[in-house]
Amino acid sequence: MRRIGLAVVLAVSLTLAPFAEAQRVPEVGVLILGTGLSLTAERVVPSMREALRGFGWIDGQTITLKPRFADLKEERLTALAQEFVDRRVDVIVAIGTPATAAARRATTSIPIVMSGASDPIASGFARNLARPDTNITGTSLVLTETAAKRLQLLKEVAPRLRRTAVLYEGVGPAGRNAQLDELRAAAPRVGVEIQEFVYRDRSALPAQFSEMLARRAESLVVVAGHRIDKARAPLAQLALRHRLPTVFTFREYVEAEGFMSYGPNLGWVHQRAAYYVDRLLRGTKPADLPIEQAATFELVISLKTAKALGLTIPQSVLLRADQVIQ
């Protein structure tokens, strides 16, 4: 009787095992350097959730997204990445370069989708874009090739421009800021003198704007960064109050009363991450998924802000705009 009972238990277990596995909901860890209120956070999770639905993955039903925020503290990324490893999530989506680096340090086996990392080859995330040959794939942002373009756009709108302030977060671990380097190289060609200001925090912005005006800055170029992104609304509004035309990387600044932006669409970048998650969950290996670079850039202009600044935008610039905010 005992043998018969044991056989029945084993038979039932073997029958139910595939069903239990089939019922398991995949978990995707989303690693974000910023806060829950950052520009990236506002876009990434909703964009990914919407895009995943298009592939048949419904958050909370057929898939579970686990966003974790480092609150702009890079040292916290390591522990958050390790949390995903300990949970044995199916995929890690890492937003930006620091998050991707932390995820890679934590695991070489769990597939990692980088979303918006810069220069994945130089960062050591992949050997080549066509075949990453590691556990990392995803999308890359090309920001350095557009920094000079932003300066040129300002000059086209304001041909008499001579001096512009440049606000940036500082240099990276290698002691460089690639976008700032590009602006320095482009300034003589464009015929503009740049005045550099290192962003401190939101409370210091009024004093920094006063210093910009004291140094007779006539416009402002903002180099994208996680901490600056968080302060985009007061930054754009202070520039408008002081009548400084601004140019940014992302459209979200223009939506916050900034003047102009030129760069990749963050929504598209993070939606594209959903494609990689779908492929990986269906069995494709990361090494077989080529890394994509954001190839489409958008120019967004606010006519409302231009009018408040007393600027007339040349028709040649307006015709190149992907969106004009009235």
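Ring pairs join Phe 55, Tyr 275 and Tyr 276 into a cluster. Rings of Phe, Tyr and Trp (its six-membered ring) pair if their centres lie within 6.5 Å; planes under 30 degrees apart are stacked, over 60 edge-to-face, and the rest tilted. This is a predicted model: local features need pLDDT of at least 70, side-chain atom pairs count only at pLDDT 80 or more, and totals for chains, interfaces and linings use all residues. Residues are numbered from 1 along each chain as its sequence is written, and side-chain values use heavy atoms, with hydrogens and water left out.

The whole structure holds 4 aromatic pairs. One of them, Phe 55 with Tyr 275, is tilted, at 6.4 Å centre to centre and 50° between the planes. Phe 55 lies in the loop between α2 (39-54) and β2 (64-69) and Tyr 275 in helix α11 (residues 266-281), so the pair ties together parts 220 residues apart in sequence. Helices (H or I, at least four residues) and strands (E, at least two) are DSSP runs, numbered from the N terminus. Phe 55 is partly exposed at 32% relative accessible area. Tyr 275 is partly exposed too, at 23%. Here buried means under 20% relative accessible area, exposed over 50%, and partly exposed in between (1.4 Å probe, protein chains only).

The rings of Phe 248 and Tyr 253 have centres 4.5 Å apart and planes at 15°, so this pair is stacked. Phe 248 is buried at 0%, and Tyr 253 is buried at 1%.

The charged end of Arg 272 sits over the ring of Tyr 275, 4.1 Å from its centre. The criterion is NZ of Lys or CZ of Arg within 6 Å of the ring centre and within 35 degrees of the ring normal.

Now the salt bridges. The whole structure has 17, each a side-chain nitrogen of Lys or Arg within 4 Å of a carboxyl oxygen of Asp or Glu. Arg 320 bridges to Glu 156, with the closest N and O atoms 3.1 Å apart. This pair links distant parts of the chain: Arg 320 in the loop between α13 and β13, Glu 156 in helix α5 (residues 144-157), 164 residues apart. Arg 320 is partly exposed at 36%, and Glu 156 is partly exposed at 23%.

Ala 321 is in the loop between α13 (315-318) and β13 (323-325). Ala 321 is buried at 18%. Leaving aside neighbours within four places in sequence, Ala 321 is in contact (heavy atoms within 4.5 Å) with Leu 299 and Ile 301.
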